[in-house]
Amino acid sequence: MKVIRFEIQGLINSYRIPFFRTYHKSFLAPPKTTIIGMLCNISLKSQKEFFEILDKEVFEVSVVINEIKGRAKDLWSYKTLEKKNMGKSVVRRDKLFSPKYTIYLKIKDEKLYNEILENLKLPKNTPSLGMDDELIEIKNIKTLEMEEHDTNKINSIFLDKNISYKAYVKDLSKSIELPTINLAPTKFIAFDKKNRRIPKESNKDFEFSQVEYLNCEIEFSQDIENFVDDELNNKVMFY
């Protein structure tokens with residue numbers, strides 16, 4: 001199976017969980033929609049093209065969290081409609097310090113595959129992940145063939161689809177994040193029946209629980225479709 005693998009590293013990044021209003025809690029890893037949004041951004045694709053790519057399910061991704069050096073919180077002030085548009089509210093936001101990830105991409109369309117590969121190497125726009133000013137470095141871009149693995153263990157992020165599993169810590173001397181689950185939409189409703197742009201909202205039929213962790217390995221109770229990267233010793237599941 002032909003795959004694009006690359007690494008991303010930020011300084012301070014946040015991937016807002018959309019179901020928290022007054023407190024912007026962050027995923028530990030960027031969800032699929034955030035990754036595809038970044039790829040569309042560096043390729044100078046429009047918002048409409050982004051939503052079409054999500055709807056057609058052209059991309060499958062897999063994410064391994066390599067490292068998160070710490071966490072912090074900040075306060076974000078924004079205007080409200082109160083007091084003749086002079087009102088202000090403050091929101092707390094989770095921040096991840098120096099997060100590093102390995103991303104794997106399967107792209108069904110060959111033309112789009114080649115375009116994304118080219119733009120990962122030479123981005124047409126400044127790469128960011130999370131907020132617009134949360135810049136990232138894209139590095140170690142490589143194409144590889146991945147074979148299906150014959151065990152039921154992985155170390156990548158996955159979507160919980162009612163398969164039971166156990167988590168094992170890999171290295172007790174390093175930072176650990178045990179599996180946490182947060183709802184992550186994979187598609188949005190962004191256009192009405194007349195194809196006019198409307199405020200984006202989650203498509204309820206495509207909301208899944210994203211399971212994320214650091215320095216752990218997951219063992220499933222039954223066989224699953226997973227793939228192995230022998231070079232980095234990553235066993236991953238695509239979604």
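**Close-ups of a predicted model**

Ser 62 sits across from Tyr 104 of strand E7. This is a predicted model, where local features need pLDDT of at least 70 and side-chain atom pairs count only at pLDDT 80 or more, while totals for chains, interfaces and linings use all residues. Residues are numbered from 1 along each chain as its sequence is written, and side-chain values use heavy atoms, with hydrogens and water left out.

**View 1. Strand E7 has partners in E1 and E4.** Strands here (E, at least two residues) and helices (H or I, at least four) are DSSP runs, numbered from the N terminus. Two strands pair if DSSP finds at least two bridges between them. E4 (residues 59-67) pairs with E7 over eight bridges, antiparallel. E1 (residues 2-10) also runs antiparallel to E7, joined by six bridges. Find Tyr 104 again: Arg 5 stands opposite this residue too. Seven of the eight residues of E7 (residues 100-107) are buried, so the strand is largely enclosed by the rest of the structure. "Buried" means under 20% relative accessible area, with exposed over 50% and partly exposed in between (1.4 Å probe, protein chains only).

**View 2. Asp 94 is a buried residue in strand E6.** E6 covers residues 88-97, and the relative accessible area of Asp 94 is 7%. What does the side chain of Asp 94 reach at 3.3 Å? That would be the backbone nitrogen of Ser 26. Beyond its neighbours within four places in sequence, Asp 94 is in contact (heavy atoms within 4.5 Å) with residues including Ser 14, Tyr 23, His 24 and Ala 72.

**View 3. Here is the second largest pocket, with about 450 Å³ of space.** On a 1 Å grid over the protein atoms alone, a pocket is an open set of points with protein on both sides within 12 Å along at least five of seven lines, and lining residues have an atom within 4 Å of a point. The volume is the space filled by probe spheres set on the points. Of the 24 lining residues, Lys 32, Leu 159, Lys 161, Phe 238 and Tyr 239 lie nearest the centre. Helix H1 (32-42), helix H2 (47-56) and E4 each give the lining at least two residues.

**View 4. Three strands make an open sheet in the order E10-E17-E12.** The pairing is antiparallel. E10 (153-154) and E12 (165-169) are the edge strands, each pairing on one side only. Five bridges join E12 to E17 (residues 216-220), and Val 169 has Cys 216 as its bridge partner in E17.

Terms used: A polar contact is a pair of N or O atoms within 3.5 Å; within protein, one must be able to donate a hydrogen and the other to accept it, and residues adjacent in sequence count only if both atoms are side-chain atoms. On a 1 Å grid over the protein atoms alone, a cavity is a set of points where a 1.4 Å probe fits but cannot get out, and a pocket is an open set with protein on both sides within 12 Å along at least five of seven lines; lining residues have an atom within 4 Å of a point.
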